[in-house]
2 protein chains.
Amino acid sequence: MPHLSPINGKQSIQETEQAIEIESIDFFVRMMSILGMPRSVGEIYGLLYFSAVPLPMDQIVSRLGISIGSASQGLKTLRSLKAVRTSYVAGDRRDHYLAETEFRRLFSNFIKEEIMPHMESAKERIAKMEEALPVQDEKSAEFYKIRIEKLKRLTRAGGRLLPALAGLLKL
Amino acid sequence: MPHLSPINGKQSIQETEQAIEIESIDFFVRMMSILGMPRSVGEIYGLLYFSAVPLPMDQIVSRLGISIGSASQGLKTLRSLKAVRTSYVAGDRRDHYLAETEFRRLFSNFIKEEIMPHMESAKERIAKMEEALPVQDEKSAEFYKIRIEKLKRLTRAGGRLLPALAGLLKL
DNA sequence: CAAACTTTTCAAAAAAAAATGAAATAAGCA
DNA sequence: TGCTTATTTCATTTTTTTTTGAAAAGTTTG
């Protein structure tokens, strides 16, 4: 293992920053992957989260060693979740990106964008089950009704609880 | 499109059950995929959810048209989440599976099994950041401290809120 | 205990998801 | 406007995940 520290054994400021950056990227890559986001999205957010200055895309590309295609796609995703925003930097025509660090808002956007649309289509699917049901008139009909009712309660509860969740997140 | 209904235009009980089964499988395949579970797991649960009788694995295999490997794997996953349980059927040596339909409990198990372990490793990663930090002693140290503090609040809130979530699920 | 049946495991194949990079497009500047 | 730089798009490649199927392991019962 190469010797990276100064002779006195203390790590330089750059080394500290680099160590934190690595942990941050690791942290958010895993976080995002729980939420079903690709690695690159986690990497970009992790890098920006501990950057005091807004970074242009080419900096993101070179520091993370990812392709410009991935960076562009990842930033698009992060923008749509409002997890990053662009900040104007005088005398530079590139977009510069900054991490949005208010997790409550991020979370709320994620639920609205990524989860709620599924709840809608779930409701449609339950409606189809109910369309099919009424013909059924033997004893098993009761069983089906109960199971469908459970699904309805689940989606209703989900639809109410999930958007309210962000509010519960007292950070 | 082939004519599947009887001449009177009403659908048979089997057709109704099949229609509901299809919607159920569709419903849970999507549900599970939000939670990062493979298609086969959703299919199996969707089939069992609307089955009044416990089904043995070979029934699951033949009705879903999946391999026995997938079925075995999927059932293992579902068992570990306590989303299915086996039920004894007299005079049959095969295991018979039944869906657990109490979503509150399912949800709670999912969080405990799939989410909480990540929260633990997140805490370890934050600890590493704090180890790296103290050397840093210029003005930017403050920035890092604030960001790390935010992460700590996030993981703390997550660790408390997520396990409590199932309790909020009033179905 | 051995034959018949059931289930699990796991290497290989197939499918799905993500990353790449180059061409196309867009946007700022002289 | 034309030149330069920045960004997006998307067909292709790479990587990861899931499924398959057959062999191994495990069970039950005659």
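1. In chain B, three strands make an open sheet in the order 1-3-2, with antiparallel pairing. Strands here are DSSP runs of E, at least two residues long, helices are runs of H or I of at least four residues, and both are numbered from the N terminus. Two strands count as paired if DSSP finds at least two bridges between them. Strand 1 (55-56) and strand 2 (84-87) of chain B are the edge strands, each pairing on one side only.

2. A word on how to read this model: it is predicted, with local features needing pLDDT of at least 70 and side-chain atom pairs counting only at pLDDT 80 or more, while totals for chains, interfaces and linings use all residues. Residues are numbered from 1 along each chain as its sequence is written, and chains are lettered from A and ligands numbered from 1 in the order in which they are written.

3. Back to the sheet: strand 1 of chain B is joined to strand 3 (residues 96-99) of chain B by two bridges, and these strands run antiparallel. Pro56(B) sits opposite His96(B) of strand 3 of chain B. Helix 2 of chain B lies across strand 1, strand 2 and strand 3 of chain B, at about 85° to strand 3 of chain B. For that angle, axes are lines fitted to C-alpha atoms, for helices over the stretch in contact, and angles run from 0 to 180 degrees between N-to-C directions.

4. Now for the pair of chains. The contact involves 41 residues from chain B and 41 residues from chain A, where residues are in contact if their C-beta atoms, placed from the backbone, lie within 7 Å. On the side of chain B that touches chain A, helix 6 of chain B gives the largest share, 10 residues. By class, that side of chain B has 23 nonpolar, seven polar and 11 charged residues. Ala, Val, Leu, Ile, Met, Phe, Trp, Tyr, Cys and Pro count as nonpolar, Asp, Glu, Lys and Arg as charged, and the others, Gly among them, as polar.

5. How are the copies related? A rotation of 180° with 0.0 Å of shift along its axis superposes chain B on chain A (RMSD 0.0 Å), so the two copies are related as by a two-fold rotation axis. The superposition is by least squares on C-alpha atoms of residues with pLDDT of at least 70 in both.

6. Lastly, the DNA: 21 residues surround DNA strand D, and the closest are Asp95(A), Pro38(B), Arg39(B), Ser40(B) and Gly69(B). A residue is near the strand if its C-beta atom, placed from the backbone, lies within 6 Å of it. Helix 4 of chain A gives the most to this surface, five residues.

Note on methods: Two residues are in contact if their C-beta atoms, placed from the backbone, lie within 7 Å.
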